[in-house]
Amino acid sequence: MNTDQVKGALKEAAGKVQEKTGELINSPEQQAKGMAKQVEGSTQKNYGDAKENIKDATK
C-alpha cells in the first residue's frame, strides 16, 4: 500500500462525511464540496492502485 492509496481513501471518507453533513444542515454547497472531495479521493486512490499494480508487475 502506498501513500496515494491511503490519502485517497481518507479524502474519499472525508468527502462522504462532508456530503452527509451538508444534507443534515441543508447546505447544497457543502454537499457539492463533499462530492468533489470524494471524486478527488477516488482518483488519487485509483492512481495509487495503478502504481502498486505496475510495481507488482515489474517484480
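Begin by selecting Met1, Val6 and Leu10, which make a nonpolar surface patch of about 360 Å². The model you are looking at is predicted. Leu10 is exposed, and its relative accessible area is 58%.

Next, turn to the charged side chains. How many salt bridges does the structure hold? There are six, and the tour stops at some of them.

Select Lys51 and Asp4. Their side chains meet in a salt bridge, with 2.8 Å from N to O. Asp4 is in helix α1 and Lys51 is in helix α2 (residues 28-57), so this pair ties together parts that are 47 residues apart in sequence. Is Asp4 buried or exposed? Asp4 is buried, at a relative accessible area of 14%, while Lys51 is partly exposed, at 36%.

Go back to helix α1 and select Lys20 and Glu23, which are three residues apart and therefore separated by about one helical turn. The two side chains form a salt bridge of 3.7 Å, N to O. Lys20 is partly exposed, with a relative accessible area of 48%. Glu23 is also partly exposed, at 39%.

Glu52 is buried, with a relative accessible area of 14%, whereas Lys55 is partly exposed, with 44%.

Definitions and conventions: Residues are numbered from 1 along each chain as its sequence is written. This is a predicted model: local features need pLDDT of at least 70, side-chain atom pairs count only at pLDDT 80 or more; totals for chains, interfaces and linings use all residues. Side-chain values use heavy atoms; hydrogens and water are left out. Patches are made of residues with over 30% relative accessible area and no salt bridge: like charges are joined within 9 Å, nonpolar side chains (Val, Leu, Ile, Met, Phe, Trp, Tyr) within 5 Å. Accessible areas come from the Shrake-Rupley method with a 1.4 Å probe; for residues, only the protein chains shown count as cover. A salt bridge is a side-chain nitrogen of Lys or Arg within 4 Å of a carboxyl oxygen of Asp or Glu. Buried means under 20% relative accessible area, exposed over 50%, partly exposed in between (1.4 Å probe, protein chains only). Helices (H or I, at least four residues) and strands (E, at least two) are DSSP runs, numbered from the N terminus.
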